[in-house]
Amino acid sequence: MHRPDVSVENTLRSSEAFAAPNRKDYIQTQKASHGRKIFGVFPGHYPRELLWAFDILPVEIWDPPIETSRADAHLQSYICPVAKRGLELILDSRARGLDGVLFPHLCDTLQNLASLTAHYLQPDLPVYFFYTPKSTCPAPSWKYYIQQTRGLAERLAERFGPLDPAQWAARSAQALELDRALEALYALRAGGRLVCSNAAFYSFIRQAEYLHPDDFLPRIERFRAVCEGKATGGKRVLLSGILPNPPETLEALDDLGVRVADDDLLDAGRRIPAHAPRSADPWERAAERFFALPPCSTGSSPLKARLERLAAMVRSASAGGVIFWTVKFCEPEAFDLPELRSGLKRLGIPSLVIESALDEGLTGQTATRLEAFLEMLP
Amino acid sequence: MTLLPAIRYRFMKDIGAPAAMRFAKMGKKRPARPPDPLFAPPLAATRRLKELISRHYFLSRYTRGAMPVAWVTSGAPVEILRPFGYYTLYPENHSALCGAQKVGGRMCAHAEEHGYSPDLCSYARIDLGHALTGNTPVGRLPRPDLLFASNNICQTVLYWYKILAARYGIPLILFDTPYRFADAEGGPDLEYMVGQMEAIIQQLEGISGRRFDREAFSRTIDLAKETSLLWGRVLATMKARPAPMTIFDAFAHMLPIVSLRGLESARGYYRLLLEELEERAERGVGAIREERKRLMWDNIAIWPRMREHANLFASHGMAFVTATYTNAWAETTPLLDPGRPLESLAKAYSCVILNHHLEHRLKLMERLIREYRVDGLVIHSARSCKPYSVGQYDIKRLLLERLSIPSVVIEADIADERAYAEEQTRTRLEAFFEALEEE
Ligand code: SF4
Ligand code: SF4
């Protein structure tokens, strides 16, 4: 059975170099000591490097620890909790400290939420919208992505001053560096050469949602230095879906001696491009990066491509099965699931679906299903 | 296309289908019904409508080998397919028919048995239920050769059509219409959409082995535009007081504008319908016998409850005179311009209500309320349809603030009859009726 290395876990837990900084404190420091502007960013794909180049810190809004009450007056009961919690945060006094909100286009719910926020709920808060192409025709999509990125830059420049080409080039290069560092970390894990627990891994990875790359990049190096080692034993699984919440599920996997070998989570592994861009031009590079992202339920890549990728990941990480970790009422993922699951089954790869409401913790029923699933894995 | 199936299709089109329709009509001859105390006599055009739709589904069974079949989303620019000779079918339309016949729940259950979540759009679940089981209670759809979708109505159709593409192993073409978060005209969005159109035409040429006939394309656009204008005039007859038809009628009569757009039969149909409605309006014949209040409907119909709702509202003297949903096919298609086909197509299809920010929607509703002299609004919060439903609570609040328009929200679904709480809905509606009467 796989047990996380106790000394590694102790190091990760005790050292400030790895523990996730408190978001609020971090944001305050970023503002105070660097004079950075702060943007709330809703889930989706967006050119982070462009915001960095404007000296804006994107803080992503996936599952803020916040009870929804005010958002219920604006969204029906059948709307996903990611949107609900995000809206709650926007309606909260904490949103007053934001210099802007960015809505990358992801799904039907978020597109309307963007309009709701901008036109009716927070008209004084600058809201930016970034449409990602979904067309099945590659050539117009490519050009359009670049135009969208330029358009966003122009809108940002109106408020935050002109884009500095040197900063843009530097931050674009840094985005690639970050991709490579994360890719390397993922490769180590898939190859069984990372000894930290699942909980520690995702707690660390999710820092990418709000840490500035100047801070996060060196952290990755240190994390890697501490965690690199031969991981022994344990069943191996692959995660797919939206985001690793509730975290108790990861702890349960740790307790059961199961190792997450790789993931296709929209919030994590699915954001690492499959290959590094080659272009020297930052605009082109941003497009290359976007189009190299793995197949996603929210885009127009064929289901077959996603299935093939999952199967290849399972094979290369020697995983015994796939756990789909979705969010209640999330249409894009829910549509993909049956085809993916039956495709995996045909390949002899078992799978399980866990649907998260984001605020329930790990229910007894889910824990039982998880245990039963893990028992049948090789 | 091979010769024998083509001959068979031609025969069925010219001789078989008319004969089958005549036969069906004979079989269905019923004694004349006594006049309904709530409604005016049914529209004569309704019979023609039934024929038109039955014929369309009937003929679709003879397409195999005779012509390629495309499954299309209701908001896709179908005009581009017409010159390639595709027989087009609309799964959404078929799902609505299943819903209206109260078999939607059963079809959804088939999809759910295969792992599709009950939280998904019921149009999609019904269609997937059909794709998985191979038949439907309202006829049989021929297997598609091509899937053609546009996300101007929702992203849901993209997720749904990706599954169909995987199951049938056929190409999926998506016409991507960026969500109009701002009002800016033209620019990169338009360029992107026109670029896609050009690429799609090339792709269709490759798939079909036929050259794109630009003249036929312009003619189709002309036809589609005229049909949309006619549909707009059909809806505008409801401005008359009393309104010669209600939205419950319009929900049924919108079938040709959705499914047969760009075809001669749809244009002919709306000419007929318009003539009848204008004549009724002139004579002061109202669709419901006593029109006391005029209402607007927001969101897609609750298909399984159409009849009950029509009776309920009519019994209270409430006439639905406008709806954002039926208006969608009259709102932007008039922008079509045969002289600038691709550009105008892109504009017309991307400007539809569901692809537009909420302030646009609110302004449109304000305009409809004024033009149709609406007293109250019924908001259908449809579990199926996130793009239609997210924002409705705020629209309700704002319409009350801005125009003092009272409204009621009913939580239900478009085609899955299982998602309907009878008692709760009735109580809400009764309270709404009372409030309106007191106005
Ligand atoms: S969880 Fe799903 S439905 Fe919710 S915002 Fe994300 S993609 Fe959209
Ligand atoms: S009902 Fe709504 S979600 Fe479903 S296909 Fe129609 S527009 Fe899309």
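Confidence is considered first. The predictor assigns the complex an ipTM of 0.95 and a pTM of 0.96. For chain B the mean pLDDT is 93, and 98% of the residues in this chain reach 70 or more. Where pLDDT is low, the predicted coordinates should not be read in detail.

The overall architecture of chain B comprises 18 helices and eight strands. Its radius of gyration is 21 Å, close to the 22 Å that the globule rule gives for 439 residues, so chain B is as compact as a globular protein of that length. Along the principal axes, the C-alpha atoms of chain B fill a box of roughly 65 × 55 × 50 Å. Of the 439 residues in chain B, 62% are buried. When contacts in chain B between residues at least 6 apart in sequence are considered, 80% of them join residues at least 24 apart.

Chain B carries 58 positive and 52 negative side chains, with 7 Å between the centres of the two sets.

Just after H3(B), B:Lys102 adopts a positive phi of about 60°. Helix H11 of chain B, residues 264-283, contains B:Arg267. This arginine, B:Arg267, has a relative accessibility of 15% and therefore counts as buried, the cut-off being under 20%. Beyond its neighbours within four places in sequence, B:Arg267 is in contact with B:Leu223, B:Glu226, B:Thr227 and B:Leu230.

In chain B, the peptide bond from B:Arg241 to B:Pro242 is cis, with omega near 0°; B:Pro242 is located in the loop between helix H8 (214-236) and helix H9 (247-253) of chain B. In chain A, a cis peptide bond joins A:Asn245 and A:Pro246, with omega about 5°. A:Pro246 belongs to the loop between strand S5 (235-241) and helix H10 (247-255) of chain A.

Positive phi values are found at other loop positions. B:Asn299, although not a glycine, has a positive phi of about 90°. B:Asn299 sits in the loop between strand S5 (293-298) and helix H12 (306-315) of chain B, and B:Asn299 is buried, with a relative accessible area of 0%. For A:Phe329, a residue other than glycine, phi is positive and near 70°. A:Phe329 occupies the loop between strand S7 (321-327) and helix H13 (331-346) of chain A, and at 16% relative accessibility A:Phe329 counts as buried.

A:His275 counts as partly exposed, at 46% relative accessibility. Although A:His275 and A:Ala292 are 17 residues apart in sequence, their C-alpha atoms are 6.2 Å apart in space.

Technical notes. Residues numbered from 1 in each chain as written. Chains lettered and ligands numbered in written order. Heavy atoms only, no water. pLDDT = per-residue confidence, 0-100. Helix = DSSP H or I, 4+ residues; strand = E, 2+ residues; numbered from the N terminus. Rg over C-alpha atoms; globule rule 2.2 N^0.38 Å. Buried < 20%, exposed > 50% of the residue type's maximum accessible area, 1.4 Å probe, protein only. Contact = heavy atoms within 4.5 Å. Lys, Arg positive; Asp, Glu negative; His and termini not counted. Charge placed at Lys NZ, Arg CZ, Asp CG, Glu CD.
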